[in-house]
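Please consult the sequence and the structure shown here while reading.

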Amino acid sequence: MGQELIHVYLMPGMAASPKIFEYIELPQDQFKLHYLEWMHPFNNETIEAYAFRMVPQIKHNNIVLLGVSFGGVIVQEMSKHFKVRKLIIVSSIKSVHEMPKRMQLAKKLKTYKLLPFKLISNIELFAKYAMGEFVQKRLELYKMYLSVNDPAYLKWAITNMLCWNQKEVIQNIVHIHGDNDSVFPIENIKGCIVVKGGTHIMILNKYKWFNANLPAIILEGF
């Protein structure tokens, strides 16, 4: 009999499409990739309740659960409802203690409530007024990989990212982080696998590192 496949479920970052994983390729005789997608949140839904609603998307046992950025927070909450073979977060945080000071301040002052979510959701408007080649390229990247631009979702996601209240790190979690992450700076991150030159979007531009290293990371300890 052939080797039993390991099912790997991938959760994209805030508002992102599973397309961000398009370059991730693992040996097909060992791993089967599955792509999770964002659902529309209910009014005033807690992150815990949202994560519980995501669980039915998992169709296998003893899975690997990997999440990027805010998706990393979601998979941590999902993992509280069933046993996982391996829990992996990328470009994310494991607890409130790793959150940057600017985000902690925004949470304390509740300044996130003042954000123009309708404007934020209009990527086309940003692109129209973007100045400079770098900004334009980044906006084109966002347009390519973002799948959710609903203001209600963005308000929910940003609020719950800033107000996530996890204090204890989940046991045996694997944290992969870039040393050039501008969203969650590496100096705030403890106990992680460091990717040199990795930015917040390294799942896209450092995909060769992930393809080379994820199999061993998943199989470690088994």
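## Packing around helix H2

In this predicted model, the buried residues of helix H2 pack against strand E1 (6-11), strand E3 (64-68) and strand E4 (86-90), and also against helix H1 (47-54) and helix H7 (151-162).

Helix H2 spans residues 70-78 and is mostly covered, with 9 of its 9 residues buried. Among them are Phe-70, at residue 70, as well as Val-73, Ile-74 and Val-75. Gln-76 and Glu-77 are likewise buried.

## Aromatic pairs

Across the whole structure, a search finds 8 aromatic pairs. One of these joins Trp-38 and Tyr-50: the ring centres lie 6.2 Å apart and the planes meet at 35°, so the pair is classed as tilted. Trp-38 belongs to the loop between strand E2 (31-35) and H1, whereas Tyr-50 lies in helix H1, so that the pair links distant parts of the chain, 12 residues apart. Both Trp-38 and Tyr-50 are buried.

A further pair, Phe-70 and Trp-156, is edge-to-face, with 5.8 Å from centre to centre and 65° between the planes. This pair connects helix H2, which holds Phe-70, with helix H7, which holds Trp-156, across 86 residues. Phe-70 and Trp-156 are both buried.

Another ring, that of Phe-42, has the charged end of Arg-53 over it, 3.7 Å from the ring centre.

How values were computed. Residues are numbered from 1 along each chain as its sequence is written. This is a predicted model: local features need pLDDT of at least 70, side-chain atom pairs count only at pLDDT 80 or more; totals for chains, interfaces and linings use all residues. Side-chain values use heavy atoms; hydrogens and water are left out. Buried means under 20% relative accessible area, exposed over 50%, partly exposed in between (1.4 Å probe, protein chains only). Helices (H or I, at least four residues) and strands (E, at least two) are DSSP runs, numbered from the N terminus. Contact means heavy atoms within 4.5 Å. Rings of Phe, Tyr and Trp (its six-membered ring) pair if their centres lie within 6.5 Å; planes under 30 degrees apart count as stacked, over 60 as edge-to-face and the rest as tilted. A charge sits over a ring if NZ of Lys or CZ of Arg is within 6 Å of the ring centre and within 35 degrees of the ring normal.
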